[in-house]
Amino acid sequence: MKIKFKKSQILLIGSLLVFVGVLIIFYGHFKTLKEEVYEDIRLSLINTNSDTADKNTDSDDTSSLGRGEINYVSDATNVSNISRDSLINATYDSYKYNYIGTLEIPKIRLKRGFLSKDDKYNNISRNITVSYDANYPDVNNGNFILVAHSGDAYISFFAYLYKLKIGDKAYVTYNGSKYTYSLVKIEEQPKTGVVAIHRPSYDTKSLTLITCTKDNDSAQTIYIFNIV
């Protein structure tokens, strides 16, 4: 039996399909906006608690916007060993992150919280990730190692690191203090399952950022900053 639809019924069905399609498209957008609002609130709370200790603060010009897959480990003396599997094997049941500090790079307008190394949300699929082998910023001559995605996704926090030049500044707020770092080395390495972090100096505090290389899926880039 053939079912005949009136023109008005066809128009109604078509309108409903268009409406459902629009809802599906905008759902992801509104979800992202909600997460960004929550993120701003969390960062505001962190900044409120740390404003009393604003050490080593410089001002920088601001240009464009910033937000990084990564494989790690090392093969050199005085190089940090980083386990990838230990970073990505985690489960999530909420969006409530207990950030202990923030990373800020004004030139690329990047500002994002980070978690303690043993937090289950310290994971590259959710946050800028602190390596389990990293030293926190208050450790003498330590190396604070952070990893994040690059690309176009919301979690691609290191997407614009490629815009940085030697001498650009990064700031880390942690444990009531604000640390200022200056970029001293940029090194590209092939993705072989390891990352060798060769610091220019081992008698100073360092900040190391690792992400995939822009427009090169077979490479990863290491950005090393020294304390100012």
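Strand E7 (206–213) and strand E8 (216–227) each give at least two residues to the lining of the second largest pocket. A pocket is defined on a 1 Å grid over the protein atoms alone: an open set of points with protein on both sides within 12 Å along at least five of seven lines, where lining residues have an atom within 4 Å of a point.

Before going on, some notes on the source. This is a predicted model, in which local features need pLDDT of at least 70 and side-chain atom pairs count only at pLDDT 80 or more, while totals for chains, interfaces and linings use all residues. Residues are numbered from 1 along each chain as its sequence is written, and side-chain values use heavy atoms, with hydrogens and water left out.

Back to the pocket. It holds about 250 Å³ of space, a volume being the space filled by probe spheres set on grid points that are joined across faces, edges and corners. Of its 17 lining residues, those closest to the centre are Ser-150, Gly-151, Ala-159, Tyr-162 and Lys-214. E7 supplies the largest share of the lining, three residues. Sorted by class, the lining has nine nonpolar, five polar and three charged residues. In that count, Ala, Val, Leu, Ile, Met, Phe, Trp, Tyr, Cys and Pro are nonpolar, Asp, Glu, Lys and Arg are charged, and the others, Gly among them, are polar.

Now the chain as a whole. There are two helices and eight strands, in the order α-α-β-β-β-β-β-β-β-β from the N terminus. Of the 228 residues, 43% are buried. Buried means under 20% relative accessible area, exposed means over 50%, and partly exposed lies in between (1.4 Å probe, protein chains only).

Next, how many salt bridges does a search of the whole structure find? Three. A salt bridge is a side-chain nitrogen of Lys or Arg within 4 Å of a carboxyl oxygen of Asp or Glu.

One of them joins Lys-107 to Asp-168, with the closest N and O atoms 2.9 Å apart. Lys-107 sits in the loop between strand E1 (101–105) and strand E2 (110–114), and Asp-168 in the loop between strand E4 (143–147) and strand E5 (169–174), so the pair ties together parts that are 61 residues apart in sequence. Lys-107 is partly exposed, at 21% relative accessibility, whereas Asp-168 is buried, at 15%.

Another salt bridge is between Lys-185 and Glu-187, at 3.5 Å from N to O. Lys-185 is partly exposed, with 24% relative accessibility.

Lys-214, already named at the pocket, pairs with Asp-215, their closest N and O atoms being 3.9 Å apart. Is Asp-215 buried or exposed? Asp-215 is exposed, at 75% relative accessible area, and Lys-214 is partly exposed, at 44%.

Thr-221 lies in strand E8 and is buried, at 5% relative accessibility. Its side chain makes a polar contact with the side chain of Thr-213, at 2.6 Å. A polar contact is a pair of N or O atoms within 3.5 Å; within protein, one must be able to donate a hydrogen and the other to accept it, and residues adjacent in sequence count only if both atoms are side-chain atoms. Glu-104 lies in strand E1 and is partly exposed, at 22% relative accessibility.

Conventions: Helix = DSSP H or I, 4+ residues; strand = E, 2+ residues; numbered from the N terminus. 1 Å grid on protein atoms, 1.4 Å probe; cavity = no way out; pocket = protein on both sides within 12 Å on 5 of 7 lines; lining within 4 Å.
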